[in-house]
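Subject: Structure for you to look at

Hello,

Here is the structure I said I would pass on. Please open it before reading the notes below.

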Amino acid sequence: MVERKKGLVLAAAVIVALALVPFFTVREYVFSILCMLFLYVTLSQSWNILGGYTGQINVGQAAFFGMGALVARLLWVAGVPFYLSILAGGLGSVILAIIIGLPALKLRGHYFAIGTLAVATIAQITVGNILPGISFLPAQQMATYSLIPRYYVFLIIMAAALAVIYFTVNSRVGLGMEATRDDEEAAQMVGVNTFKYKMIAFLISSFFAGLAGGGFAYFNASYYWYLPFTLMWCFEPILIVFIGGVGSFLGPVIGSVCYVLLKELFALTLGEANLLIFGIVFILTILFFPKGVIGLPAKLRQLFYRRGNVVGR
Amino acid sequence: MEFAQYITYGVINGSLYALVAIGLALIMGIMGIFNIAQGSLAMIAAYGSVLFFQHMKIDPFVSLALTLPGMFLVGVFMYLTMFMSMNKFDPGQKLRNSMLVSFGLVLIMETLATILWTANERTVTTAYSGTVMALGDLRIPYTGIATIILAIVVIFGLHFFLKHTTFGKSIWAVSQDHDCAMLMGINVKRTTLVAFGLGIALSAFAGAVVSLHTVSPAVGIDWTNKALILIVLAGVGSINGILFAGLLLGIVEALGVYLVGVHYTGVVGLLIFIIVLMLRPQGLFVRKAGV
Amino acid sequence: MDLLKVENLSKSFGALWAVNSVSFSVAEGEIVGLIGPNGSGKSTVFHLITGLLRANKGKISYQGKDITRFKPYQVSRSGIARTFQIVRPFPEMTTLKNVMVGRAFGSSSARSMHDTEDDARRLLDLTGLADKVSATAGHLGLVYRKKLELARALATKPRLLLLDEVMAGLNPTEMMETVEFLKGLRNTGVTMIVVEHVIKALFSMTDRVVVLNAGEKIAEGTPHEISRNEEVIKVYLGDYEHA
Ligand SMILES: Nc1ncnc2c1ncn2[C@@H]1O[C@H](COP(=O)(O)OP(=O)(O)OP(=O)(O)O)[C@@H](O)[C@H]1O
Ligand SMILES: [Mg+2]
């Protein structure tokens with residue numbers, strides 16, 4: 001309990017410190033890196049509450065990210081205030097989640113994965129068909145473009161996602177989610193309405209994925225409409241969560257830091273091939289380090305003990 | 001274009017969907033391995049067909065003699081390095097881990113294909129490309145006819161192989177009861193390895209047909225998506241059902257194009273996917289499964 | 001009044017009737033034994049009562065209410081808990097959290113997370129798991145997992161507890177402890193149906209015994225009556241006396 005309080009104080013301090021960064025530097029590079037970091041923390045944390053805590057693997061997170069971006073951008077460019085546009089984007093993702101979740105989460109096994117992959121591929125192609133071009137900002141919005149408000153938007157979204165998800169997973173609801181992940185039948189047997197907890201996790205997850213998408217739409221001056229729907233946005237949150245540590249609260253945060261740094265490094269040195277490296281790292285993680293960086297100390301200890309035993313004999 | 005023409009294209013597309021799905025259905029139904037990379041493997045196989053045609057003028061249907069064993073070896077490699085180690089998991093975890101690993105493979109293959117062959121679309125243009133058979137007003141491309149025949153032969157052939165040959169039956173036995181099959185003297189390890197290789201090799205058929213249309217690195221996941229929808233429509237474990245599910249999806253999509261336009265093709269597929277999940281989650285072509 | 005009443009319960013798997021027209025009832029405060037050879041349908045009866053399987057025919061009432069079509073979580077909320085023959089704790093969660101889930105859901109949930117945790121710790125003490133509080137459930141040995149499953153079931157505050165072979169794999173001392181524990185539990189007002197192959201231990205605590213064979217009920221009576229029943233001896237007890 002005491003430790004948990006300490007952790008919360010520390011987290012709050014970090015957020016406040018980040019909020020003060022713009023008073024100390026004006027370097028655009030710093031801002032854009034931090035914006036991406038906040039975006040990935042939000043997106044991966046939103047994946048983690050559903051995939052890591054509740055055991056429902058969403059392989060189509062891009063659909064929800066993209067939906068948030070699409071709605072927010074359309075409304076914002078049409079003149080709706082930004083904070084309303086981004087909330088509408090989050091809501092759009094939630095509606096999409098309800099449409100997929102109601103049939104797919106009632107069932108077990110592969111249905112949810114298939115449903116999310118289907119919605120993501122179809123959304124990408126459909127959006128590409130209907131809006132084949134680039135979305136440009138209107139001149140007057142372009143004239144006032146500045147990174148600072150973008151920085152704060154991403155920071156606020158991230159802080160909100162972290163707070164909501166932290167308190168959810170440490171509550172009764174979180175117990176229901178974890179039980180659902182570990183064994184649905186056993187969970188039902190002790191009174192957990194597993195469908196309800198899968199749905200709650202999916203709604204929270206899609207809402208924050210949608211907000212992150214809204215942030216993307218606010219951040220980028222011009223991009224292809226279909227860009228936030230591409231496969232990368234499905235893959236990245238999963239990669240980050242597994243690198244950091246699936247089903248742990250700090251995992252996605254650690255994973256995002258690693259990912260953003262490595263991506264900068266690789267993009268400079270390797271170009272396109274950096275995706276190959278990430279693909280391979282991901283597969284190796286799943287096969288050999290399923291608990292990610294968070295689980296590394298335990299894994300090493302385990303290896304060490306096994307050695308020790310053999311020597312002892 | 002008139003209605004019947006749309007339906008014809010629906011049937012052709014549906015046959016192609018079924019060709020992509022069949023390997024996925026085999027591996028999923030028999031081994032409990034969820035391979036999201038199946039469409040990407042078909043994409044790689046299609047590039048194989050394209051390259052054989054470009055450099056050696058080998059017809060895609062002839063180069064199957066090379067791409068089939070090639071993809072089989074790819075399957076064997078995949079199984080030995082990645083999927084075999086998952087046999088120790090319970091079915092749910094096996095499904096999850098195989099799905100995640102194959103998702104990584106999708107990314108790797110797509111990136112690799114982009115680096116090797118660029119993101120541009122490619123196609124094989126043979127002497128018979130573009131030629132059609134006229135049936136009254138109806139025009140049916142010869143490649144389309146070949147697709148339909150290939151789908152029928154491959155799927156019913158696979159069904160026959162599993163039900164009526166010794167090796168096919170042993171694959172079936174292993175999928176039903178691992179331990180029992182071992183007691184019956186079946187070499188379980190070899191059987192699963194070959195079954196997996198076979199499932200991956202089947203992607204070469206799809207690849208040959210795809211190469212006659214268009215290939216690009218990004219189509220892989222799209223094919224997988226269609227294949228997965230077919231599996232839900234047919235019901236996991238159904239082999240023959242895949243062909244009917246493919247035809248159903250192809251025709252419904254064609255109707256969608258006829259009625260609301262080509263932009264929304266995919267949405268139509270998603271809709272029937274959702275409707276089937278709500279009304280008949282065990283699939284259309286299997287009898288109600290026990291618990 | 002009967003706490004639980006099962007009438008003409010039937011369940012088939014394909015052509016096999018795993019449970020065939022079985023009827024029995026359990027009064028408040030009783031411990032009822034459910035015995036029979038392997039594959040006679042005991043676990044299936046539990047699956048049917050708890051809603052994990054749907055009966056083809058028959059009716060299950062609990063406290064006078066028809067619960068035949070209840071979902072498992074509704075069954076749990078109305079005050080029925082069970083253990084699985086092949087134990088199923090939540091493998092990735094700690095022992096403490098496993099029990100907290102039971103306490104947070106079940107038939108009456110604790111008021112706050114704080115209370116949930118306190119109650120869970122108390123139950124872990126009671127079931128002899130105090131020193132395993134923060135162990136991951138999947139890594140525990142079988143005996144501990146069995147205890148954990150019992151603790152989790154108790155955490156839901158059941159009025160009716162269904163126990164599926166909780167003593168299998170225990171040594172005689174542990175078995176005696178379990179029998180005493182269950183007797184004590186009955187004195188706190190928990191009614192039980194107990195499936196067990198260890199007949200001696202079972203008969204030492206049950207008021208009544210129901211015997212199944214090939215899905216059908218072949219006898220019902222006090223342990224004394226059952227141990228003299230010709231048919232029961234023939235199809236079931238005989239083996240065990242000699243074993
Ligand atoms: N899901 C299932 N599908 C098909 N058959 C099943 C299923 N579950 C149980 N059976 C069959 O139903 C019959 C009754 O099984 P059940 O598990 O209820 O027996 P049991 O009395 O608990 O046996 P044991 O003492 O071995 O635990 C058995 O023949 C079993 O093989
Ligand atoms: Mg049993």
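Predicted model: local features only at pLDDT ≥ 70, side-chain atom pairs only at ≥ 80, totals over all residues.

Metal site

Two residues of chain C supply the protein donors of the magnesium ion (ligand 2): Ser43(C) through OG and Gln85(C) through OE1. These donors lie 1.9 to 2.1 Å from the ion. The pair links distant parts of the chain, with the two residues 42 residues apart. Ser43(C) sits in helix 1 (residues 42-49) of chain C, while Gln85(C) belongs to the loop between strand 6 (80-82) and helix 3 (95-104) of that chain. Gln85(C) has a relative accessibility of 35%, so it counts as partly exposed.

A packing within chain B

Two packed helices are described by the angle between their axes and the distance between the axes. In chain B, helix 2 (residues 38-56) and helix 9 (residues 203-212) have axes that come within 7 Å and cross at roughly 55°. The two helices of chain B, helix 2 and helix 9, are therefore oblique to each other. Their crossing is right-handed. Helix 2 of chain B contributes Gln38(B), Leu41(B), Ala42(B), Ala45(B), Ala46(B), Ser49(B) and Val50(B) to the contact, and residues from helix 9 of chain B include Gly207(B), Ala208(B) and Ser211(B). By type, the residues of this contact are nine nonpolar, five polar and no charged.

One residue to look at here is Ser49(B), in helix 2 of chain B. Is Ser49(B) buried or exposed? Its relative accessibility is 0%, so Ser49(B) counts as buried. Leaving aside neighbours within four places in sequence, Ser49(B) is in contact with Pro60(B), Ser63(B), Thr67(B), Val124(B), Gly207(B), Ala208(B) and Ser211(B).

Helix 11 (residues 231-244) of chain A packs with helix 4 (residues 91-117) of chain B at an angle of about 125°, and their axes are 11 Å apart. That angle makes helix 11 of chain A oblique to helix 4 of chain B. The crossing of these two helices is left-handed. From helix 11 of chain A, the contact is made by Leu231(A), Met232(A), Cys234(A), Phe235(A), Ile238(A) and Phe242(A). Among the residues on the side of helix 4 of chain B are Arg96(B), Leu100(B), Phe103(B) and Glu110(B). The residues of this contact divide into 10 nonpolar, one polar and two charged.

Regards

Technical notes:
Residues numbered from 1 in each chain as written. Chains lettered and ligands numbered in written order. Heavy atoms only, no water. Donors = N, O, S within 2.8 Å, 3.2 Å for Na, K, Ca; no water. Helix = DSSP H or I, 4+ residues; strand = E, 2+ residues; numbered from the N terminus. Buried < 20%, exposed > 50% of the residue type's maximum accessible area, 1.4 Å probe, protein only. Axes fitted to C-alpha atoms, helices over the stretch in contact; angles between N-to-C directions. Parallel < 35°, antiparallel > 145°, perpendicular 65-115°, else oblique. Left-handed = near helix turned anticlockwise from the far one by under 90°. Contact = heavy atoms within 4.5 Å. Nonpolar A, V, L, I, M, F, W, Y, C, P; charged D, E, K, R; others polar.
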